[in-house]
Amino acid sequence: MKIPTEPIGSIPRPAELIAAITSQTNGADLQKLYEKAINDTLNQFEKTGSPVITDGEQTKSSFATYPLEGLTDLSPEGMTINFEDGHSRQLPLLTKGPFRYGNYASKYLANAQKLTQTPIKQAIISASALSLIYPANGIEGYPQSEFMADLLNECEKDIRRCLDEGAYKVQMDFTEGRLSLKLDPSGGVLKHFIALNNQVFDRFTKEEQQKLGVHVCPGGDHDSTHSADIDYADFLPDLFDLHVGSFCLQLASEPDHVKVLKTIKQYLKPDQKAFIGVIDVLNPVIETAEQVRDRVLEAAQYIPLNQLGTTDDCGFSPFCDDTSTTRETAFAKIKARVEGTKLAEKELS
Ligand SMILES: [Zn+2]
């Protein structure tokens, strides 16, 4: 039995690229550095043996903000996301309609496909995350209902373009799912987010939905999280109501694997696959292939083999300026995931 394995998305950017981005060097240099970073990322990704790769999001400002790149009708004072270590990230606010993406993820995919034959997974941001850029006190002449209609259309377009471009899989990043339970313990906001994202997924056929996935985690930035203290068991039952085929679930960094696996087993639907995180991306220690194998074997006690896959807990640096993990560490961890998953396959066949 083959156990599929795939990454989440981001790889730390090369130090010289981060330096150029943060010092705002001139455009020509930056473009060269971007190209070099993408080439090197695809190359190193292939060397890990990972059957599915990504472009490492080398040119995205972040997993969440790429659709906003180039837009001018934004102000900086949006929602703030607080991380455990005290740092925060802030979303912008929309100041004027109509809302259109400045940038679609298929652009990254098409670019990477020119440089490799290996199947590529493309991550996109959720409609629910971008719904947070609409200001609480509204926009004159652009009611929230109109914004939501535009947002759903744009999110659908973002996914459809990636499918048309031949993505191996399109993964919606839904890190605000678990976070929402911290902001609203009643679960009302979570249910609203799930319904919103399903409005996008329902525009795709059952066959297309099998090529769609969702990634969830407690956040991962500068080796810190925003919602690890929220019980996974309160979150997973609603999560599996999303109309997609794959779920990439952070697990390696959870304190109680068995409890989470039991919950997955209980709520995973027959047409859904659980890709469990076997690599802790926030821990600098590189897992051994044997450690990964044992994590897969543990999961196989709870999840039917034909519904089990492996992944990393999260992207390695979802925000472009995060230097907490080196590229060498990231690729070594991915190699351990691939090799450990193969070891488990042998053991289970
Ligand atoms: Zn994540």
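Two residues are in contact, or touch, if their C-beta atoms, placed from the backbone, lie within 7 Å. This is a predicted model: local features need pLDDT of at least 70, side-chain atom pairs count only at pLDDT 80 or more, and totals for chains, interfaces and linings use all residues. Residues are numbered from 1 along each chain as its sequence is written.

**Exercise 1.** Find which residues Leu239 touches, not counting residues up to four places away in sequence.

*Solution.* Start with the place: Leu239 belongs to helix H9 (residues 232–239), where a helix is a DSSP run of H or I with at least four residues, numbered from the N terminus. Next, list the contacts: Gly177, Val216 and Phe247. Finally, look at Ile194: its C-alpha atom is 7.2 Å from that of Leu239, although 45 residues separate the two along the chain.

**Exercise 2.** Decide whether Glu57 is buried or exposed.

*Solution.* Recall the cut-offs: a residue is buried if 20 or more other C-beta atoms lie within 10 Å of its own, exposed if 12 or fewer, and partly exposed in between. Glu57 has 27 C-beta neighbours inside 10 Å, so Glu57 counts as buried. Leaving aside neighbours within four places in sequence, Glu57 is in contact with Gly9, Ser10, Phe63 and Gly315.

**Exercise 3.** Apply the same cut-offs to Leu239.

*Solution.* Count the C-beta neighbours of Leu239 inside 10 Å: there are 21, so Leu239 is buried.

Methods
Helices (H or I, at least four residues) and strands (E, at least two) are DSSP runs, numbered from the N terminus.
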